[in-house]
Protein chains: 4
Amino acid sequence: MTAIAILGAGRIGQVHARAVQQVPGATIVAIADAVPAAAQSLADTHGAEVRSIDEIAQSPDVDAVLVCTPTDMHADLIEQFARAAKAIFCEKPIDLDVARAAACVDVVTECNGLLMLGFQRRFDADFVALKQAIDGGRIGKVETVHLTSRDPAPPPLDYIARSGGLFRDMAIHDLDVARWLLEDEIATVQAVGSVLVDPAIGQAGDFDTATILLQTHTGKQCTITCSRRASYGYDQRIEVLGSEGMVTAQNTRESRTEISSAYGSLKAPLVDFFMDRYAGAYRAEIQAFVDAVDSGTAPPTTGEDGVAALMLAEACHQAAHEKRVIVVS
Amino acid sequence: MTAIAILGAGRIGQVHARAVQQVPGATIVAIADAVPAAAQSLADTHGAEVRSIDEIAQSPDVDAVLVCTPTDMHADLIEQFARAAKAIFCEKPIDLDVARAAACVDVVTECNGLLMLGFQRRFDADFVALKQAIDGGRIGKVETVHLTSRDPAPPPLDYIARSGGLFRDMAIHDLDVARWLLEDEIATVQAVGSVLVDPAIGQAGDFDTATILLQTHTGKQCTITCSRRASYGYDQRIEVLGSEGMVTAQNTRESRTEISSAYGSLKAPLVDFFMDRYAGAYRAEIQAFVDAVDSGTAPPTTGEDGVAALMLAEACHQAAHEKRVIVVS
Amino acid sequence: MTAIAILGAGRIGQVHARAVQQVPGATIVAIADAVPAAAQSLADTHGAEVRSIDEIAQSPDVDAVLVCTPTDMHADLIEQFARAAKAIFCEKPIDLDVARAAACVDVVTECNGLLMLGFQRRFDADFVALKQAIDGGRIGKVETVHLTSRDPAPPPLDYIARSGGLFRDMAIHDLDVARWLLEDEIATVQAVGSVLVDPAIGQAGDFDTATILLQTHTGKQCTITCSRRASYGYDQRIEVLGSEGMVTAQNTRESRTEISSAYGSLKAPLVDFFMDRYAGAYRAEIQAFVDAVDSGTAPPTTGEDGVAALMLAEACHQAAHEKRVIVVS
Amino acid sequence: MTAIAILGAGRIGQVHARAVQQVPGATIVAIADAVPAAAQSLADTHGAEVRSIDEIAQSPDVDAVLVCTPTDMHADLIEQFARAAKAIFCEKPIDLDVARAAACVDVVTECNGLLMLGFQRRFDADFVALKQAIDGGRIGKVETVHLTSRDPAPPPLDYIARSGGLFRDMAIHDLDVARWLLEDEIATVQAVGSVLVDPAIGQAGDFDTATILLQTHTGKQCTITCSRRASYGYDQRIEVLGSEGMVTAQNTRESRTEISSAYGSLKAPLVDFFMDRYAGAYRAEIQAFVDAVDSGTAPPTTGEDGVAALMLAEACHQAAHEKRVIVVS
């Protein structure tokens with residue numbers, strides 16, 4: 001039984017707590033949060049104790065922690081718990097600054113620690129099925145990858161202001177998926193950004209609509225189209241062209257019904273909340289973390305993956321703001 | 001060059017004239033219609049002459065006729081033109097009365113004539129592709145067949161009153177398709193009829209909604225669901241279950257666009273007019289007729305097919321009105 | 001917290017145990033099974049005790065039982081536990097004999113008991129969404145209902161021999177769904193049965209392929225097509241035609257991927273096991289049972305529903321074997 | 001009746017001849033081709049005369065010409081026939097050189113001539129339906145456009161060598177569609193090119209796989225993904241994201257059948273030949289040309305459209321070969 005503590009009892013902490021509950025062989029031991037009532041509430045729900053972060057670091061009955069705090073605490077907490085010899089699962093990003101993130105991963109390596117990054121899309125059943133089709137040779141050699149990533153609606157403006165920008169906050173997930181599917185190092189990064197949804201987002205120095213164009217060393221190509229708004233729901237699709245075929249992963253809808261009228265045939269709306277869309281992925285991700293902790297093997301998404309995706313996000317940011325092609329070293 | 005005369009310049013006559021024009025190796029020579037202006041108009045459009053029916057029967061420059069008159073003239077015209085040694089294409093049905101239709105077919109046989117029945121669905125590209133999938137062994141042995149046949153809206157009441165009833169007028173097409181796909185003689189016929197669309201249809205002694213259940217001698221099963229109304233367009237689908245798979249033919253839509261909004265994703269409406277839906281089938285049907293005339297071979301849909309479908313329609317009529325299982329002899 | 005005992009630790013007992021575990025507010029207290037090792041194993045998995053059926057009937061700490069035994073014990077157990085004032089959830093059918101089933105339901109009524117029948121399809125998320133579309137007026141008045149119900153492969157022959165036949169064993173689920181969607185009493189029942197899959201099923205006196213045709217008192221029509229084999233997976237679809245539109249519920253596939261090659265575009269296979277297909281439905285069903293127990297309200301699927309579906313199944317059996325239209329009294 | 005002469009009796013000349021035949025109010029009068037037998041054969045098929053290009057320029061019975069010769073003759077022929085006061089339809093591109101193309105368009109303007117460019121995709125029924133959805137306000141304001149443009153297989157190498165490169169030869173169609181849908185001038189052009197299909201294409205100095213990224217002055221974004229090979233057929237799709245929804249135009253398949261087996265459900269293959277894919281578009285395009293000639297109004301695709309698309313293709317070429325962002329003046 002892997003004993004887990006959750007650092008941060010906010011929305012994402014609650015998501016992960018629910019995931020742990022559904023993973024056989026894992027149990028929640030302790031919850032920490034700066035807001036005592038929040039910690040207590042989540043602890044009560046899962047029959048766990050409230051403890052401080054330092055107490056958890058020193059708790060012999062805790063095997064692993066899930067870092068679900070605000071981003072600016074991630075790197076410090078990872079280092080603290082790597083030194084405390086706890087296995088660590090951390091939500092992306094490690095830090096908004098690449099150098100800080102890389103230094104943090106170095107500490108984990110020095111401590112011989114286990115760090116898994118929360119790139120839950122790699123655990124989505126449909127995306128996994130797409131990856132298996134590729135790995136199984138169903139489409140030959142991968143040539144181009146096309147990712148669609150649109151949120152139903154923008155987050156609050158104050159969130160955007162602290163987010164590091166659309167590329168670091170939102171596209172980082174897609175950049176990780178791109179790396180996973182391309183299996184080749186990125187050579188050039190190009191990107192355009194626009195403010196089409198809300199001028200206030202532009203005033204906050206960010207874009208709300210962006211497209212990324214990547215090319216790898218062997219010439220594979222990838223597009224990522226991001227928007228902070230899709231009036232029709234949470235739009236998350238993948239298309240991969242290979243030398244012998246194409247594979248796509250389509251969206252998740254609220255149901256498999258279709259209503260026909262004189263206006264046409266209406267498929268059910270897309271699921272419009274990321275927690276519903278990725279509920280299964282969150283479970284599978286925690287399962288993979290617990291499996292890695294149990295078996296002492298490397299987790300499927302590492303700190304290095306986190307740094308690599310962050311570097312690409314930074315290159316996108318630069319490319320879009322400076323309107324030039326970034327050559328990745 | 002096959003020289004064709006068209007008997008009847010109404011809606012279906014015009015459809016077939018257009019089809020002839022698109023068939024290489026066929027030309028329209030003459031048009032006959034009880035209404036001189038209608039005949040003249042269609043003749044002008046296609047560079048043909050107006051002639052009387054008797055003149056056409058005696059025209060040495062006419063190889064073949066398309067019988068597009070009202071149903072009650074079909075049998076007499078077929079006999080007249082079989083005796084005049086013209087190849088004959090006739091819209092279904094030969095006659096509303098099975099005995100009369102059978103006698104008419106006998107005359108054609110005695111004259112060693114060529115008679116093709118207008119079951120255009122057998123020539124629809126999608127239905128042909130479905131049939132080829134079956135014949136190509138893609139689903140193994142046919143076990144059950146399911147036909148959906150819904151018109152956008154009922155015809156005028158006076159048409160219904162003269163139509164012979166939903167089974168003889170509308171389901172006869174589906175019964176022919178069923179025979180084509182089942183390739184086995186029908187053993188029992190069951191049917192239910194209801195008046196759900198318009199009480200006036202019931203007052204006219206007809207049903208507007210019906211379902212047919214057939215079983216063949218070897219146990220294959222078939223359902224046909226018919227409605228005089230489908231608010232969402234012209235619904236014409238086929239599903240066939242075989243021992244090793246299933247094949248379906250889906251509907252034709254106005255375009256291949258899809259619009260996504262908060263309500264869902266809306267595929268374009270179904271084509272809602274039988275002439276648009278079956279435009280290609282009408283062309284292919286006339287092509288097949290011209291090919292049969294040219295090559296002197298049997299047409300793909302014969303007078304016997306017309307009689308067989310009519311007998312099944314009559315059995316459905318009986319089954320639904322008398323609420324009993326009809327054993328087909 | 002509703003305390004539940006499970007009678008029968010076989011496959012369906014395990015399914016329901018897992019469902020209980022995922023329902024907040026419910027807990028498994030005891031397991032009974034004629035095979036002690038089976039009971040012990042399931043009890044261990046869920047932290048419950050092994051008890052005899054009689055012990056459970058007398059256990060004050062048990063609120064409700066799930067009857068997951070072989071069919072021939074259902075009626076006796078329902079009566080025993082109704083008399084013991086336990087809420088009862090029972091897998092369909094109550095009994096293969098209509099009179100016995102009806103008598104059993106009478107006992108429950110006399111005891112003022114709570115009996116819910118395991119018609120899990122009414123709890124499937126897609127079918128629920130379809131029902132909501134109808135109830136929300138999206139297709140106007142229901143006119144015809146078309147159910148497809150095909151298993152991937154036949155059950156063992158000895159199961160078939162004891163099953164009561166395809167109509168009582170398999171179509172009973174569809175007959176319940178038909179009642180749920182038609183919301184009108186059935187007036188006539190017609191059915192055909194064939195042996196197309198395995199002659200041994202015919203030798204056992206059963207059909208492996210059947211089609212049912214229902215008509216209600218107000219003229220609504222319904223087809224149910226059943227097969228013991230669908231080489232392409234577990235095929236469970238609903239189509240409902242209404243006066244103002246059509247709604248369908250499509251199949252569940254293993255993933256939302258599609259692979260395009262020169263052969264065409266291949267959607268992922270259908271889920272091919274009923275437990276995977278209806279996993280969510282089993283959870284929702286147990287949730288509904290627990291809610292009924294907690295609130296003391298009538299369950300959504302009652303003993304009367306069980307008797308009504310069984311009577312229709314018997315009528316189908318008669319209709320198919322005697323080749324006649326059965327008028328339901 | 002618009003009298004048309006066709007210059008060039010090769011493949012595309014034959015396509016347009018067939019299109020003219022299906023347009024009421026248009027007739028083919030003369031055919032010219034450097035190969036007399038080719039000219040004669042096409043003339044015979046359509047009941048036209050063989051004439052030389054100069055004879056056609058001086059024929060008072062010719063209203064309009066279709067320029068279907070090799071690309072390097074386009075500009076000279078356009079000028080010759082503009083001066084001869086014939087309406088001109090010309091296949092894209094006017095010339096591989098932007099300056100030459102622009103000069104040619106100037107001549108047409110000076111002559112007050114009518115020049116229509118052969119961008120047939122604007123006339124494809126599905127793309128037109130998509131455009132109408134946008135123009136009808138169904139998706140709000142256009143934000144991003146995504147075009148997929150993949151040929152089934154590369155053309156012969158000697159064609160590629162003379163083609164002006166993938167951007168000028170193939171992507172020019174997509175660039176025109178992008179302009180049509182974006183309705184906003186392009187500000188920046190980015191592109192990547194790779195050789196993934198056939199090294200010989202690289203040796204010929206061209207790419208076989210490319211992705212284009214456009215941004216307009218108001219911030220709209222557009223991706224175009226091109227490949228000389230799609231093993232699964234001719235892949236031509238459009239997706240447009242708007243402020244209030246998304247509209248897509250899907251591919252054309254060989255039929256609307258779907259075959260289900262244990263491997264999944266297989267939709268029919270894509271049409272894999274551009275002439276089949278765009279047969280309807282070629283007809284509609286010639287219809288639009290004849291309408292413009294008849295009514296004396298401007299054609300829907302002008303010489304200016306041809307120059308604009310060519311300039312974008314050149315910018316793409318530069319962007320991909322020089323790996324930099326091209327700012328369009």
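Strand β13 of chain B, residues 257-261, pairs with β12(D) in the antiparallel sense, and four bridges join the two strands. Within this pairing, B:Ser260 stands opposite D:Met246, a residue of β12(D). The model is a predicted one, and its scores are ipTM 0.96 and pTM 0.96. For chain A the pLDDT averages 96, with 100% of the residues scoring at least 70.

**Contact between chains B and D**

- The contact between the two chains brings together 23 residues of chain D and 23 residues of chain B.
- On the side of chain D that touches chain B, at least two residues each are supplied by α6 (125-135), β12 (245-249) and β13 (257-261) of chain D.
- Sorted by class, that side of chain D, the one touching chain B, consists of 10 nonpolar, eight polar and five charged residues.

**Helix α6 of chain C**

- Helix α6 of chain C spans residues 125-135, and its buried residues are C:Asp126, C:Phe127, C:Leu130, C:Lys131, C:Ala133 and C:Ile134.
- These residues lie on the same side of α6(C), because the arc that they cover around the axis is only 155°.
- The cover over the buried residues of α6(C) includes, from chain A, the strand β13 (257-261), and from chain C itself β7 (142-150), α8 (166-182), β11 (235-242) and β12 (245-249).
- Just after α6(C) comes C:Gly137, whose phi is positive, at about 80°.

- In chain A, the peptide bond that joins A:Lys92 and A:Pro93 is cis, with an omega of about -10°.
- B:Pro93 lies in the loop between β5 (87-90) and α5 (98-110) of chain B.

**Positive phi in residues other than glycine**

- A:Glu183 has a phi near 50°, which is a positive value in a residue other than glycine.
- This glutamate, A:Glu183, is placed in the loop of chain A between α8 (166-182) and β8 (186-194).
- A:Glu183 counts as exposed because it has 12 C-beta neighbours inside 10 Å, and a residue with 12 or fewer such neighbours falls in the exposed class.
- B:Ala85, although it is not a glycine, also takes a positive phi, of about 60°.
- The loop that holds B:Ala85 lies between α4 (74-83) and β5 of chain B.
- B:Ala85 has 12 C-beta neighbours inside 10 Å and therefore counts as exposed.

Terms used:
Residues numbered from 1 in each chain as written. Chains lettered and ligands numbered in written order. Predicted model: local features only at pLDDT ≥ 70, side-chain atom pairs only at ≥ 80, totals over all residues. Buried ≥ 20, exposed ≤ 12 C-beta atoms within 10 Å, placed from the backbone. Arc of directions from axis to C-beta. Contact = placed C-beta atoms within 7 Å. pLDDT = per-residue confidence, 0-100. Nonpolar A, V, L, I, M, F, W, Y, C, P; charged D, E, K, R; others polar. Pairing = 2+ DSSP bridges.
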